[in-house]
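The sequence and the three-dimensional structure are shown first.

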Amino acid sequence: MGVAAATFVDTFKARDWRYFDVQLLLYMVLLIAIGVVMGYSAGFNDPSASAGMTQTVKTLIWASIGLILFFVAASVDYRWLRTLAAPMYVAVIGLLTVTMLVGTNLFGAQMSVTIAGLDFQFSEVSKVLMIVVVAAFLSGRRDRIGRLSTILIAGALMAVPTFLVFRQPDLGTALVFVGILGAMLFMSGASLGWMGLMVAAVVAVAPIAVGMLQEYQRSRLFCFLNPYADAQGACYQLVQALNAVGSGGWLGRGLTVGGEDQRGYIPVQSTDFIFTVIAEDLGFLGGVVLLVLFGLLVWRILLIGWQARDAFGMMIAVGLAAMILFQLLVNVGMVTGIMPVTGIPLPFVTYGGSSLISLMFGLGILQSIRMRAHKPSL
């Protein structure tokens, strides 16, 4: 056995589970449990849900797979990922290119690839892999972090997968990539002046990007400005979502009961619009509990990043926190009518195997960072 292989095995066996972060696991499991319950409630009155394997059973299977990956990722020293940054980047580009070429068309976008009857959304795992890639790059340029070249190279690295996702077209996920990059550059200490110029450049090309979208996507994008102007057309889904959220009141109408007269009016309610189910069934209080759980999870992620033993671990934590927080704010914002409808899933809660497994794998990496920080927990 070679020296490198022996070192890898020793690292794997030497994991220190005394520093395992139980709170991180707890918040993750609670959010997944909420997703399972609300997914069941969303499909309770749907006659098609009883045909074949239900969403609830599928979600439990995906969560089980994700939990295995979580512990595997936690067991391996995260610093090995730094040596795999280049192959990861090539894999991301390859997976997204395959999606564009042979992806399954869903709601007008090629976002998934069907393999052996299962749909895989490679853009979800790409988000986690790109966090590792950018973290490896930024942590390797600590002495040059304030230079324009650092921002330009990091931007170029993220621009390729962002463009490939945007061309699917999947505007929501493309925006998540941009949000991740912005947060990681900011927290790395990159020049605010140069970042300001980069933001100005993005804003300048935004009209061009919007013009590349399909007509129905552009119509949905601006519905939040005046949803009732086209309540029976492009804004129909948003109007129904607002009605569902408002009908929940303070305490909700009850699980499986809340949507008896509403479920069928909101397409894909268990995915992008799952928050409408939470607001309608559990009310304002249920929504607040969900947001508090997300707040605790993001706080824990950032705390682990602060405790990390190196810049690489810290940047991974920042990227994961930015991804989850960005998706949370946009998803809840679009359902409540204060942000554009862009099709961004609610982390851990939205129905979807690729998203759930990718997120759990990402938090497994974070657990590895915590276990190897060897600092007392707060």
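A residue counts as buried when its relative accessible area is under 20%. By this criterion, the buried residues of helix H3 are Thr-56, Thr-59, Ala-63, Gly-66, Phe-70, Ala-73, Ala-74 and Ser-75. The model is a predicted one. Across the protein, 48% of the 378 residues count as buried.

The fold comprises 14 helices and 3 strands. Among contacts between residues at least 6 apart in sequence, 74% join residues at least 24 apart.

Two helix pairs are considered here. In general, the packing of two helices is described by the angle between their axes together with the distance between those axes. The table gives these values for each pair.

| Helix pair | Angle between axes | Distance between axes |
|---|---|---|
| H2 (residues 22-43) and H3 (residues 55-75) | about 165° | 10 Å |
| H5 (residues 85-102) and H7 | about 20° | 9 Å |

With angles over 145 degrees counting as roughly antiparallel, H2 and H3 are therefore roughly antiparallel to each other. Their crossing is right-handed. On the H2 side the contact is formed by Leu-25, Met-28, Ile-32, Val-36 and Tyr-40, and on the H3 side by Thr-56, Thr-59, Leu-60, Ala-63, Leu-67, Phe-70 and Phe-71. By class, the residues of this contact comprise 10 nonpolar, 2 polar and no charged.

The length of H3 can be checked against its residue count. At 1.5 Å a residue, its 21 residues should span 30 Å, and the end C-alpha atoms of H3 are 30 Å apart, which agrees.

For the second pair, angles under 35 degrees count as roughly parallel, and H5 and H7 are therefore roughly parallel to each other. The crossing of H5 and H7 is left-handed. H5 contributes Tyr-89, Val-92, Ile-93, Leu-96, Thr-97 and Met-100, which meet Ala-156, Leu-157, Val-160, Pro-161, Leu-164 and Val-165 of H7. The contact of H5 with H7 holds 11 nonpolar residues, 1 polar residue and no charged residues.

The loop between helix H6 (122-139) and helix H7 (148-166) contains Arg-141. Arg-141 has a relative accessible area of 10% and is therefore buried. Leaving aside residues up to four places away in sequence, Arg-141 touches Ser-149, Thr-150 and Ile-153. The C-alpha atom of Arg-141 lies 9.8 Å from that of Ser-188, although the two residues are 47 residues apart along the chain.

How values were computed: Residues numbered from 1 in each chain as written. Predicted model: local features only at pLDDT ≥ 70, side-chain atom pairs only at ≥ 80, totals over all residues. Heavy atoms only, no water. Axes fitted to C-alpha atoms, helices over the stretch in contact; angles between N-to-C directions. Helix = DSSP H or I, 4+ residues; strand = E, 2+ residues; numbered from the N terminus. Parallel < 35°, antiparallel > 145°, perpendicular 65-115°, else oblique. Left-handed = near helix turned anticlockwise from the far one by under 90°. Contact = heavy atoms within 4.5 Å. Nonpolar A, V, L, I, M, F, W, Y, C, P; charged D, E, K, R; others polar. Buried < 20%, exposed > 50% of the residue type's maximum accessible area, 1.4 Å probe, protein only. Expected span 1.5 Å × (residues − 1).
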